[in-house]
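Let's take a walk through this structure, one spot at a time.

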Amino acid sequence: MDPSLTFTPDPVEYLIIGSGFGGAVTALRLSEAGLPSVLLERGRRWPLTPYQDTFSSLTNPDGRSAWLSDVALLGDPKPIDRFVGVLELTVGDGIVAFAGAGVGGGSLVYAGALVQPPESLFRRIFGTGVDYGEMDDVHYPRVRSVMQPEPIPLAVLARPEYAAARAWVQLGREAGLPTELIDMGIDWRIVEAELAGRRVPSVIAGDFWYGNNSGAKLSLDRNYLRRAEATGLLTLETQQNVASIQEGPDGRYLVTADEIADDGTVLRTRRYLARRLFLGAGSLGTSKLLVRSRARGWLPRLNDRVGSAWGNNGDFFSAISGLPSRVRPNLGGTAPILVRDLDNPILPTGVECFADWAREGSSGVVASVGMAPVPAKGTFRYDEASDSVRLVWPGSDPDVARAVRAGELTYARLAAGDRSRRPHRVEPVAARAFGSGGAEPAPVDAAATAHPLGGVPLDAATDNIGTVRGYPGLYVMDGALVPGHAGCSNPALTIAALAERNIERILERDLG
């Protein structure tokens, strides 16, 4: 027997898995309530250095860029050292999905967009089960009070580096579509320092997928988690890759985690016996853990809605060309402008410009990502032979394909609305990603999403506040609760606000 293995479970009253938006909100509110908790994060800490070199750049990726991968995940499949990097690629059937890894979870690798969906689209997600008025009055503002997002200052928007963002504003307004400056989890004073040459170009150069070196991105390790740790009541354990959840004695939960080295090697196995267990491993991580636990008989009372109602947030990608040469698509990050086409006869859409680093050297193009309310038809399926869980997405389903057709209609409207009458062309942008398993990387020919949602839907797999049905004391706190889409919006703000709502009720109902 390996003497490095620890088989005696550590008793924990409150255990959290994952430090993304759901886990971070849970950690802070438990700490503020005076309840000591342990948080297990599979990745490492990424403290900002005075040399501004914490993260890998998009143009020169190394092991820091990817979660236990042999090749870079974006752009050319450059060989890299296997490392506990910040971006994970999950290759499913018909879809590839990205997720964050490290203290701060998805906030390390997202663009910083904190967008609140309109009430009509919010109701398409949750029906009447979640009160939009309460979310609008209490929980969305509560998240903003911690994250401190701001829209891009007009002085920054006026800079030459942001010509593409200004072009996107003009296209939206001339097409008669509501166009807004997005609330961003970005410290724009640091962006101004980037523009002045006092900080390394990071946001303005389109770097966000692999982290932000200038310190402009207000990731969760700098607000929610920092405040939680400052209470002295949160113990945050890094490089703890949770392998299983089982029923334990006395209504508690036995959690097994592999403590891993920087290259993913298992150093030892740790076990925890938790009275209350909060899952914040993200839509992909939480869903896979629960589906496998049900299949292995570890949590046999999980209902059949666990592993259902997954979606890609209706993500689609494209670009509009034919704009003035001063428009540089690789500059002016990260995603500051949103155009909404809510009256689109196919499906409502929201489209954001973003800095496309891969287009360095080109001009006259604005790249963008779009979102639509797709039906949540994705599922997670257990494969007994490999003892693993696979994501399945029916990309050819007619209802799912409507999101792309709706996007095409919105792009055509944007291109046709330009009063300059310059010829425009809408270019589909292929989602180019690479599998990470073998020596010869293979391109993945599938739809891609950076906004995985669902898998453990609220009011179906769980009750109305995220308690897993059949398992009191087991809670889902992350994007797995959100079935399929976030209402033509980036989902981070809604995930965090829903976690704020749910932990408030859990504290009142279950924890006194």
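Before the tour starts, one term is needed: a helix crossing is called right-handed if the near helix is turned clockwise from the far one by less than a right angle, and left-handed if it is turned anticlockwise. Keep in mind, too, that what you're looking at is a predicted model.

Helix α1 (residues 21-32) passes helix α10 (residues 492-509) in a right-handed crossing. Two packed helices are described by the angle between their axes and the distance between the axes. For α1 and α10, the angle is about 35° and the axes are 9 Å apart. Who does the touching? On the α1 side, look for Phe21, Gly22, Val25, Thr26, Arg29 and Leu30. Across from them, α10 brings in Ala492, Ile495, Ala496, Ala499, Glu500, Ile503 and Leu507.

Next stop: a sheet. Strands of a sheet pair through backbone hydrogen bonds, either parallel or antiparallel. Here you'll find an open sheet of three strands in the order β3-β4-β18, and its pairing is mixed. At the edges are β3 (87-91) and β18 (447-449), each of which pairs on one side only. Ignoring direction, neighbouring strands in this sheet are turned by 20° against each other on average. In one spot to look for, Glu88 has Ala99 of β4 as its bridge partner.

On to the aromatic rings. How many aromatic pairs does the structure hold? There are 11. One of them is Phe278 with Tyr475, a stacked pair at 4.9 Å centre to centre, with 20° between the planes. Phe278 sits in strand β9 (residues 266-279) and Tyr475 in strand β20 (residues 474-476), so this pair ties together parts that are 197 residues apart in sequence. Both Phe278 and Tyr475 are buried.

Elsewhere, Trp46, Phe55 and Phe83 make up one aromatic cluster.

Last, find Asn313, in the loop between β10 (308-311) and β11 (316-321). Is Asn313 buried or exposed? Its relative accessibility is 0%, so Asn313 counts as buried. Beyond its neighbours within four places in sequence, Asn313 is in contact with several residues, among them Met371, Val374, His451, Leu453, His485 and Pro491.

Conventions:
Residues are numbered from 1 along each chain as its sequence is written. This is a predicted model: local features need pLDDT of at least 70, side-chain atom pairs count only at pLDDT 80 or more; totals for chains, interfaces and linings use all residues. Side-chain values use heavy atoms; hydrogens and water are left out. Rings of Phe, Tyr and Trp (its six-membered ring) pair if their centres lie within 6.5 Å; planes under 30 degrees apart count as stacked, over 60 as edge-to-face and the rest as tilted. Helices (H or I, at least four residues) and strands (E, at least two) are DSSP runs, numbered from the N terminus. Buried means under 20% relative accessible area, exposed over 50%, partly exposed in between (1.4 Å probe, protein chains only). Two strands pair if DSSP finds at least two bridges between them. Axes are lines fitted to C-alpha atoms, for helices over the stretch in contact, and angles run from 0 to 180 degrees between N-to-C directions. Contact means heavy atoms within 4.5 Å.
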